[in-house]
Amino acid sequence: MTNCHAGVESAKGRILDATHEYEVRTICQGVNQAGVRDHNERLVLSLIQRNGGLPNAQIARQANLSAQTVSVIIRLLERDGLLLRGEPVRGKVGKPSIPMILNPDGFLSLGLDVGRRSASLVLIDALGKVRFDLRIAYSEPVPEVITQFARTGLDQICTGLTSDQAAAISGIGVAAPHELWHWTETAQGSDGDLSVWKSFGLQKAIEDATGYKVFVQNDTTSACTAEHLFGRGKEFADYAYFFVGAFVGGGVVLGNAVYVGRTGNAGAFGSLPIGNGAGGPSQLLHKASLYLLAQQLENAGRDASPLWDPKSDWAGFDDILALWIDETAKNLSAAIVSVCAVIDFECAMIECSGPPHVRRQLVEATRRYLNDRDTRGISEPVTVEATVGRSARAIGAATLPLISRYFLNQPGFV
């Protein structure tokens with residue numbers, strides 16, 4: 001039995017109850033009545049996660065809770081190893097204020113990203129820092145390969161953890177494309193039959209392989225969740241998030257919360273009709289995805305495998321890459337105008353499963369094309385780079401157990 005498996009039972013006594021349903025008004029509205037301690041604990045943890053270190057008095061003001069209630073909650077969370085006292089803040093009248101911060105070792109979680117060309121397994125802490133990052137590449141995702149990777153990857157991660165750290169693992173989140181079996185003929189190098197995914201129980205298979213509770217979410221919604229919790233998403237209340245991976249996808253943030261939608265597939269921007277092809281309107285995924293760059297490289301006799309290597313800087317792709325960036329940016333700008341005509345987003349955020357310099361060039365080119373778009377009737381959003389990076393889907397998956405156990409959420413939102 002690994003350290004992780006041994007720690008599951010000991011963790012049960014200290015984690016917050018994740019099974020009860022709560023009426024969540026807003027993240028900044030506390031409840032003082034008896035019987036809602038769990039809600040208030042989640043509220044305090046959520047405020048500290050969102051804002052960084054906060055002193056008790058400021059927590060009480062933002063949560064609309066009494067100072068005494070907050071003091072009791074803080075003591076309990078400290079006792080459970082979830083909060084730490086930060087360095088005293090001096091320079092003001094009276095006693096120095098002591099901010100409460102999340103204990104990075106008090107919250108650990110695993111995230112599995114099931115991609116069309118590769119998979120990754122990460123362990124993150126409460127601050128979104130990646131403690132371990134394991135990856136495999138393949139020509140196509142096979143269920144048995146994914147479950148075996150989860151099992152062996154977990155064992156490998158556990159060898160580097162103490163028993164206390166193992167006990168702090170909240171579970172495993174899985175990020176997977178919506179209806180993975182679609183577009184097999186589109187993904188370069190995928191010749192197999194992915195229809196097995198229609199009936200494959202991914203959640204149960206990963207639970208059986210690891211012994212942890214598993215949470216499954218759309219992959220680009222997961223990436224959006226990572227940006228919302230740990231990246232630049234904290235700056236904006238409402239934004240459209242675009243993730244340019246093997247296939248482009250996205251996410252939606254409304255009122256400072258990630259919106260997952262009726263079927264969990266909100267922000268399916270890859271399905272947006274863009275322009276016209278030989279058979280009529282074409283979807284954005286056929287105009288702004290990395291598989292297109294892979295095809296262009298291979299058609300030119302170049303090795304496209306570095307596109308799926310997270311350590312590659314894509315050196316030597318300059319000529320073909322520049323053309324791909326230009327075409328992708330043009331179509332992203334059209335998509336941004338379309339989604340902003342439906343929801344009045346203040347921001348369009350772009351992430352790319354590639355090196356930072358490619359993401360930067362892609363955002364700059366998209367801004368130039370937006371300047372030439374007819375945006376009459378809408379308020380053009382600011383277009384910015386995301387900050388989490390190419391591991392956003394796996395990191396976002398790892399947030400799901402943390403949200404379930406420790407932080408507030410809302411029906412239909414993460």
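## Close-up views of a predicted model

View 1. Strands are DSSP runs of E with at least two residues, and helices are runs of H or I with at least four; both are numbered from the N terminus. Two strands pair if DSSP finds at least two bridges between them. Residues are numbered from 1 along each chain as its sequence is written, and side-chain values use heavy atoms, leaving out hydrogens and water. Local features need pLDDT of at least 70 and side-chain atom pairs count only at pLDDT 80 or more, while totals for chains, interfaces and linings use all residues.

View 2. β4 (residues 118–125) and β5 run antiparallel and are joined by 7 bridges. Ser118 stands opposite Ala137 in β5. Contact means heavy atoms within 4.5 Å. Axes are lines fitted to C-alpha atoms, for helices over the stretch in contact, and angles run from 0 to 180 degrees between N-to-C directions.

**View 3. Strand β8 and its two partners.** In β8 (residues 239–244), 6 of the 6 residues are buried, so the strand is largely enclosed by the rest of the structure. Buried means under 20% relative accessible area, exposed over 50%, and partly exposed in between (1.4 Å probe, protein chains only). In a regular strand the side chains alternate between the two faces of the sheet. Here Tyr239, Tyr241 and Phe243 lie on one side, and Ala240, Phe242 and Val244 on the other; all are buried. β8 pairs with β9 (residues 248–254) in the antiparallel sense over 6 bridges. The two strands form a hairpin with 3 residues between them. Tyr239 has Val253 as its bridge partner in β9. β8 also pairs with β13 (residues 347–352), in the parallel sense, over 6 bridges. There, Val244 stands opposite Cys352.

View 4. Cys352 is buried at 0% relative accessibility. Cys347 is buried as well, with a relative accessible area of 0%. The count of disulfides (a pair of cysteine sulfur atoms within 2.5 Å) comes to 0. For Cys347, the nearest cysteine sulfur is that of Cys340, 9.0 Å away.

**View 5. Salt bridges.** The structure holds 14 salt bridges, each a side-chain nitrogen of Lys or Arg within 4 Å of a carboxyl oxygen of Asp or Glu. Arg42 and Asp38 meet at 2.8 Å, N to O. Both lie in helix α2 (residues 37–51), 4 residues apart, about one turn of the helix. Arg42 is buried at 5% relative accessibility, and Asp38 is buried at 14%. Arg302 forms a salt bridge with Asp319, with the closest N and O atoms 3.6 Å apart. Arg302 lies in the loop between α9 (290–299) and α10 (318–342) and Asp319 in α10, so the pair ties together parts 17 residues apart in sequence. Arg302 is partly exposed at 27%. Lys330 and Glu327 form a salt bridge at 3.3 Å, N to O. These two residues are 3 apart in helix α10, about one helical turn. Lys330 is partly exposed at 31%, as is Glu327 at 33%. Salt bridges with shared partners join Asp105, Asp125 and Arg131 into one network.

View 6. The axes of α9 and α10 come within 10 Å and cross at roughly 145°. Leu290, Leu292, Leu293, Gln296 and Leu297 in α9 meet Ile320, Leu321 and Trp324 in α10. The axes of α3 (residues 56–63) and α4 (residues 67–79) come within 9 Å and cross at roughly 115°. α3 passes α4 in a right-handed crossing. Asn56, Ile59 and Ala60 in α3 meet Ala67, Val70, Ser71 and Ile74 in α4.

Methods: Left-handed = near helix turned anticlockwise from the far one by under 90°.
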